[in-house]
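Below is a report on the secondary structure, packing and selected residues of one protein model. The sequence and the coordinates come first.

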Amino acid sequence: MSTIWTKTNTDRKRLSEDIAVLLNAAGADDWLGMPEAPVLLKPNLVVGKPASSGATTTPEIVAGLIEWLLEKGFKNLAISEGSWVGDSTARAFKTCGYTALSKHYNIPLIDLQKDDSVEVETPAGTFEICRTIADLEFNGGSLINMPLVKGHGQTHMTCALKNMKGCIPDSEKRRYHRLGVHKPVAVVNTIIKPAFALVDGLNPDPYWEEGGSPEKRDLLLVGRDPVAMDSYACKLLGMTDEDVQYVGLAEQLGIGTGHISDEDIINLDGAAVEASAARQEKSEVKEWIDNLVDQQSACSSCFGNLASALRALQEEYPDFIKTSSPGLCIGQDFQGVKLPGDKRGIGICTVTGSNQSLKGCPPSRDRMIEYLKKEYSL
């Protein structure tokens with residue numbers, strides 16, 4: 001089950017053909033239910049940015065999967081996603097090319113931000129998931145996970161396991177971050193179990209989940225084991241399983257097998273896939289942001305906007321990277337906490353009394369830039 005198949009795609013005109021070759025080599029149709037059962041495709045549209053940014057799943061990969069499914073007799077198809085808190089899934093569907101994809105194939109789009117939710121018991125207590133996802137297994141359907149292998153400002157890497165966060169309501173996403181992000185990511189995969197993951201490694205950003213610095217990799221991956229897939233994703237980004245806490249936690253929960261070896265990788269092109277040179281290089285800007293910002297309990301959308309704002313200011317003011325004070329606090333750990341004079345708060349969670357904090361849930365990137373310019377006298 002831990003086997004991962006990979007294929008290189010250097011010609012985007014052959015993308016659908018290469019996807020079919022990859023899926024057929026893996027025997028992926030055997031992982032699905034009966035042809036008449038529903039099949040739900042779950043890309044990563046965390047934010048309304050096109051795939052060229054390195055942030056979202058390439059719609060042409062989804063198109064290639066749809067064509068393969070139709071050829072195999074699966075016709076009850078839909079695409080679902082719930083973007084991160086503060087962004088609009090409907091806008092992401094349109095901006096990322098999925099509205100046009102839906103019209104072309106006459107396949108519905110399901111906005112999970114507008115979905116009802118149901119309570120489900122997990123090894124860590126009661127969690128909520130979107131009703132569409134809960135009903136899928138009840139109806140004998142299959143979920144196909146379609147993430148990117150890309151960097152992440154908080155968890156260092158995001159791929160198959162973390163993409164399931166889009167299957168929970170916004171209120172639950174906020175609660176996840178109060179629990180520390182890593183543990184809930186692992187736990188949700190005990191109750192949401194995709195048939196397989198078809199992973200976009202064509203043009204991902206090796207540093208940030210919201211994109212901006214894409215790296216051309218031309219890679220497609222497929223596999224059933226999300227822990228093995230994320231273990232391999234760590235390798236591709238120049239990391240180990242230990243660098244991403246939720247990978248080990250998911251393995252402990254019996255979701256899959258980590259520390260994947262070369263023997264588990266079947267590369268249909270014959271050559272070994274190299275780790276990202278970009279990620280292996282030390283990111284001075286990322287290290288600076290990690291040191292400047294206390295963000296252990298921050299929601300991804302809030303921290304993502306802040307990281308983007310800081311990167312934009314560093315580009316505009318090159319000496320800004322030398323700044324170490326005031327430090328920035330963000331996230332739910334700071335609710336009701338009076339910040340010291342050498343700290344500034346970002347987001348509604350940090351607003352207490354007379355503290356110097358920027359309101360919003362989350363504040364927009366532009367508002368953060370304006371606020372930071374004032375606080376740092378830029």
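Ser308 is buried, its relative accessible area being 10%; buried stands for under 20% relative accessible area, exposed for over 50%, and partly exposed for values in between (1.4 Å probe, protein chains only). Ser308 belongs to helix H12. Setting aside residues up to four places away in sequence, Ser308 touches Glu210 and Arg365, where contact means heavy atoms within 4.5 Å.

The model is predicted: local features need pLDDT of at least 70, side-chain atom pairs count only at pLDDT 80 or more, and totals for chains, interfaces and linings use all residues. Residues are numbered from 1 along each chain as its sequence is written, and side-chain values use heavy atoms, with hydrogens and water left out. Helices (H or I, at least four residues) and strands (E, at least two) are DSSP runs, numbered from the N terminus.

**Helix pairs**

Helix H12 (residues 300–316) packs against helix H13 (residues 365–375) at an angle of about 55°, and the two axes are 9 Å apart. Axes are lines fitted to C-alpha atoms, for helices over the stretch in contact, and angles run from 0 to 180 degrees between N-to-C directions. H12 is therefore oblique to H13; angles under 35 degrees count as roughly parallel, over 145 as roughly antiparallel, 65 to 115 as roughly perpendicular and the rest as oblique. The crossing of H12 and H13 is right-handed. A crossing is right-handed if the near helix is turned clockwise from the far one by less than a right angle, and left-handed if anticlockwise.

On the H12 side the contact is made by Cys302, Asn305, Leu306, Ser308, Ala309, Leu310, Ala312, Leu313 and Glu316, and on the H13 side by Arg365, Met368, Ile369, Leu372 and Lys373. By class, the contact of H12 with H13 has nine nonpolar, two polar and three charged residues. Here Ala, Val, Leu, Ile, Met, Phe, Trp, Tyr, Cys and Pro count as nonpolar, Asp, Glu, Lys and Arg as charged, and the others, Gly among them, as polar.

Helix H8 (residues 226–236) and helix H9 (residues 245–252) have axes that come within 10 Å and cross at roughly 155°. H8 and H9 are therefore roughly antiparallel to each other, and H8 passes H9 in a left-handed crossing. Val227, Asp230 and Cys234 of H8 meet Tyr246, Val247, Ala250 and Glu251 of H9. The residues of the contact of H8 with H9 divide into five nonpolar, no polar and two charged.

**The four-stranded sheet**

Four strands form an open sheet with parallel pairing, in the order E13-E14-E15-E16; two strands pair if DSSP finds at least two bridges between them. Strand E13 (293–294) and E16 are the edge strands, each pairing on one side only. H12 packs on the sheet and touches E13, E14 and E15, its direction making about 155° with that of E14. H13 also packs on the sheet, touching E14, E15 and E16, and its direction makes about 170° with that of E15.

Within this sheet, Leu328 has Arg344 in E15 as its bridge partner, and Ile346 has Leu358 in E16. The table gives these pairings together with one from the other sheet.

| Strand | Partner strand | Sense and bridges |
|---|---|---|
| E14 (residues 327–330) | E15 (residues 343–346) | parallel, four bridges |
| E15 | E16 (residues 357–358) | parallel, two bridges |
| E1 (residues 4–8) | E11 (residues 219–223) | antiparallel, five bridges |

**The eight-stranded sheet**

An open sheet of eight strands has mixed pairing and the order E4-E3-E2-E7-E10-E11-E1-E12. Its edge strands, each pairing on one side only, are strand E4 (109–111) and strand E12 (265–267). From one strand to the next the twist averages 25°. Thr8 stands opposite Leu219 in E11.

Val39 is in strand E2 (residues 39–43) and is buried, with a relative accessible area of 2%. Not counting residues up to four places away in sequence, Val39 touches Leu69, Phe74, Asn76, Leu77, Ala78, Ser142 and Ile144. The C-alpha atoms of Val39 and Leu143 are separated by 5.9 Å, with the two residues 104 residues apart along the chain.

Leu77 lies in strand E3 (residues 77–81) and counts as buried at 5% relative accessibility. Apart from neighbours within four places in sequence, Leu77 is in contact with Val39, Ile66, Leu69, Leu70, Ile107 and Pro108. Leu77 and Phe196 are 119 residues apart along the chain, and their C-alpha atoms are separated by 15 Å.
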